[in-house]
Amino acid sequence: MPPPAPWPYPFWIAHRGAGKLAPENTLAAFRAGQARGYRMAECDVTLSADEQPFLLHDATLDRTTDGHGLAAGQSWATLAALDAGAWHGPRFRGERLPTLASLAEHARHSGLLLNLELKPGPGQAARTGAVVARVAAGLWAGLTPPLLSSFETASLAAARDAVEALPRALLLEHLATGWREAACGLGCIAIVVHHGALDADAIRQAHEAGLRVLSYTVNGAAEARRLRAAGIDGLITDAIDRFAPDTLG
Ligand code: G3P
Ligand code: MG
């Protein structure tokens, strides 16, 4: 069995910040999770047309900002002026799309650990992986590195080629044939798998390949207990109010 890579991350990870309590992928969402004891958050990172890495889940702006259309086609100057909070509730009006730099600044001051999911716009998989890895390596120098994850193998390959030392994880909705070879071939230290696709045997197989196993998006107490009993290494959750890291470990 290969020795496991260093794993400095806690068990509980707040999804999209704490993206149900506050507008997802904004600094308000990270603060909401930290106020409830979460020491790590997952978030989605993409690129503007002029290669500014910033946080957004969807390819388009319409659901979570007052902008419209594809985000990848717009300059950072345009994106920076958008309201990314009012859609969630009036008290979040004026919340902005965070740059990766502003997230790193927040992390440096507050001790927050990050899982940065590479979320490329259409046709941007490799470029997103390479740019985010290079920028993140500079921003997190001297700190616990963020875990880079993606469903896009081209993004992970480009991140590896740009900054091999940054830890990576392959996101998987299903465990199709060849998942271990795919993750290990990309130099990943972990897989992040939809909870419905995981059981104790799959987790054991991953551990035997030297891979940690995280699961998304686990919001039910019974499912969290099942995965814990099966040997899972961490859970990504929206249920920040239900799962309290201080009491559950
Ligand atoms: O990174 C885990 C999870 O965030 C993947 O799905 O659509 O919420 O980004 P999604
Ligand atoms: Mg995500």
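The legends below walk through several close-up views of this predicted model.

Local features are described where pLDDT is at least 70 and side-chain atom pairs where it is 80 or more, while totals for chains, interfaces and linings use all residues; side-chain values use heavy atoms, with hydrogens and water left out. Residues are numbered from 1 along each chain as its sequence is written, and chains are lettered from A and ligands numbered from 1 in the order in which they are written.

**View 1. The shell of residues around ligand 1.**
Ten names make up the surroundings of ligand 1: His15, Arg16, Glu42, Asp44, His57, Glu117, Lys119, Phe151, Leu171 and Tyr216. Here a residue is near a molecule if one of its heavy atoms lies within 4 Å of it.

**View 2. Polar side-chain atoms beside the oxygen atoms of ligand 1.**
Look for a polar side-chain atom of Glu117, which lies 2.8 Å from an oxygen atom of ligand 1. For Arg16 the distance from a polar side-chain atom to a ligand 1 oxygen is 2.9 Å, and for Asp44 it is 3.2 Å. How much of ligand 1 does the protein bury? Taken alone the ligand exposes 290 Å², and the protein buries 90% of that. Accessible areas come from the Shrake-Rupley method with a 1.4 Å probe, and for residues only the protein chains shown count as cover.

Which residues coordinate the magnesium ion, ligand 2? They are Glu42 (OE), Asp44 (OD) and Glu117 (OE), at 2.0 to 2.2 Å. Donors are N, O and S atoms within 2.8 Å of the metal (3.2 Å for Na, K and Ca), and water is not among the atoms, so sites may look incomplete. Along the sequence, the donor residues follow the spacing E-x1-D-x72-E. Glu42 is buried at 3% relative accessible area, and Asp44 is buried at 0%. Buried means under 20% relative accessible area, exposed means over 50%, and partly exposed is in between (1.4 Å probe, protein chains only).

**View 3. A salt bridge between Asp44 and Lys119.**
The side chains of these two residues meet in a salt bridge, 3.9 Å from N to O. Asp44 sits in strand E2 (residues 40-47) and Lys119 in the loop between strand E4 (113-118) and helix H4 (125-139), so the pair ties together parts that are 75 residues apart in sequence. Lys119 is buried, with a relative accessible area of 19%. A salt bridge is a side-chain nitrogen of Lys or Arg within 4 Å of a carboxyl oxygen of Asp or Glu, and by this rule the count comes to 11. Helices (H or I, at least four residues) and strands (E, at least two) are DSSP runs, numbered from the N terminus.

**View 4. Two further salt bridges.**
Arg127 and Glu51 meet through their side chains at 2.6 Å, N to O. This pair links distant parts of the chain, with Arg127 in helix H4 and Glu51 in the loop between E2 and strand E3 (53-55), 76 residues apart. Both partners are partly exposed, Arg127 at 27% relative accessibility and Glu51 at 37%. The side chains of Glu223 and Arg226 also form a salt bridge, 2.8 Å from N to O. These two lie in helix H8 (residues 221-229), three residues apart, about one turn of the helix. Salt bridges that share partners also join Arg16, Glu24, Asp58 and Arg63 into one network.

**View 5. The loop between E1 and H1.**
Where is Arg16? Its place is in the loop between strand E1 (12-14) and helix H1 (27-35). Most residues other than glycine have a negative phi. Arg16, though, has a positive phi near 55°, and Asn25, in the loop between E1 and H1, has a positive phi near 60°. Is Asn25 buried or exposed? Asn25 is buried, at 2% relative accessible area, and Arg16 is buried at 18%. His15 lies in the loop between E1 and H1 too, and counts as buried at 10% relative accessibility. The side chain of His15 makes a polar contact with the side chain of Asp238 at 2.8 Å. A polar contact is a pair of N or O atoms within 3.5 Å; within protein, one must be able to donate a hydrogen and the other to accept it, and residues adjacent in sequence count only if both atoms are side-chain atoms.
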